[in-house]
Structures are given as structure tokens and as C-alpha cells.
Amino acid sequence: MEKTPARLTAKPSWLLTQLAVHAHRLASDGFGQVGARGYHYRILAALEEFGVASQAELGRRCNMDRSDVVAAINELAGQGLVERTPDPEDRRRNLVTLTPAGDRQLRRLDRALDKAQEELLGPLAAEDRQALTRLLTQLLAHHQRG
């Protein structure tokens with residue numbers, strides 16, 4: 001097996017990138033097992049937490065491009081997981097609502113993502129997982145302000 005240069009393995013940016021690739025694969029595989037994608041999870045989670053939203057609001061809340069939001073909502077609506085209706089205050093805008101089937105799918109996705117998190121963080125003790133999450137949250141918040 002090839003060794004990775006120590007210059008790389010000593011850099012948090014390199015380690016985060018490598019781990020992000022692995023984490024994305026684990027989450028994608030888990031979502032795929034229940035017939036979904038990460039974008040679906042983002043949208044369903046936002047609707048469950050914040051309620052009815054326009055497609056533009058969902059894009060901002062979920063950090064998604066407008067075209068990706070539209071495609072994901074089309075897929076979710078086609079499966080009966082969300083309903084899209086014209087906004088009575090602005091007919092050019094659609095409002096998206098979580099359906100009961102969407103809520104059930106969100107629970108399945110939560111379980112799939114929990115399994116992926118467990119596999120990703122398996123080697124860490126509970127307090128280390130909490131510390132890692134706290135540190136990553138702190139770093140992300142810092143860079144999102146910038």
C-alpha cells in the first residue's frame with residue numbers, strides 16, 4: 001500500500017477533505033438504501049423544522065442552488081412526500097409543504113444517517129464525538145461569518 005506524505009497527513013485541511021469524501025459516501029449509500037438523496041434529506045428536514053416554505057427559502061436554508069432545489073422538489077412531489085402549491089400572495093412563487101408520507105420518509109432518512117454517523121465516528125468515544133462536533137461547528141460558524 002502506498003504511503004501518504006507526512007506533509008499532507010499533518011494538515012487538518014487535508015484530513016478534513018479526506019474524511020468529507022468518506023462521510024459523503026457513507027451518507028449517500030445510506031440514503032440510497034431508502035431510495036433518496038442528500039438533497040431530499042435537506043429539504044424534508046427544513047420543512048419539518050421550519051414549516052411551509054417557498055422554493056427560494058428552501059434553497060437558502062439548505063444551501064442549495066435553485067436548479068437543484070427545483071429538481072429535488074419535483075422528485076419529492078412525484079413521490080407524494082411534499083406538496084407544491086401557488087403562494088396566494090404571489091402566484092409566481094410556489095409554497096412547499098411536507099406531507100405525512102414525507103414525514104415518514106424523513107424518519108427513515110434520519111435512521112439511515114444515524115447509521116452512517118455511527119460508522120463514520122465508530123472509533124471515537126462519546127465525549128470525543130461531542131468535542132469533534134463542537135469544534136467543527138465552531139470552525140464552520142467562523143468561516144460562514146467571513
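Select L47 and show its neighbours: V52, A53, L58, V82, V96, T97 and L98 are in contact with L47, leaving out residues up to four places away in sequence. Contact here means heavy atoms within 4.5 Å. This is a predicted model, in which local features need pLDDT of at least 70 and side-chain atom pairs count only at pLDDT 80 or more, while totals for chains, interfaces and linings use all residues. Residues are numbered from 1 along each chain as its sequence is written, and side-chain values use heavy atoms, with hydrogens and water left out.

Next, colour F31, I43, L44, L47, L58, I73 and V82. Of the 27 residues in the largest nonpolar core, these touch the most other members. Such a core is a set of buried Ala, Val, Leu, Ile, Met, Phe, Trp, Tyr and Cys residues joined through side-chain atoms within 4.5 Å, where buried means under 20% relative accessible area, exposed over 50%, and partly exposed in between (1.4 Å probe, protein chains only). Helix 6 gives the most to this core, 6 residues.

Now select helix 4 (residues 55-62) and helix 5 (residues 66-78), whose axes come within 9 Å and cross at roughly 110 degrees. Axes are lines fitted to C-alpha atoms, for helices over the stretch in contact, and angles run from 0 to 180 degrees between N-to-C directions. Helices (H or I, at least four residues) and strands (E, at least two) are DSSP runs, numbered from the N terminus. At their contact, Q55, L58 and G59 of helix 4 meet V69, V70 and I73 of helix 5.

Finish at H142, in helix 7 (residues 126-145). H142 is partly exposed, at 45% relative accessible area.
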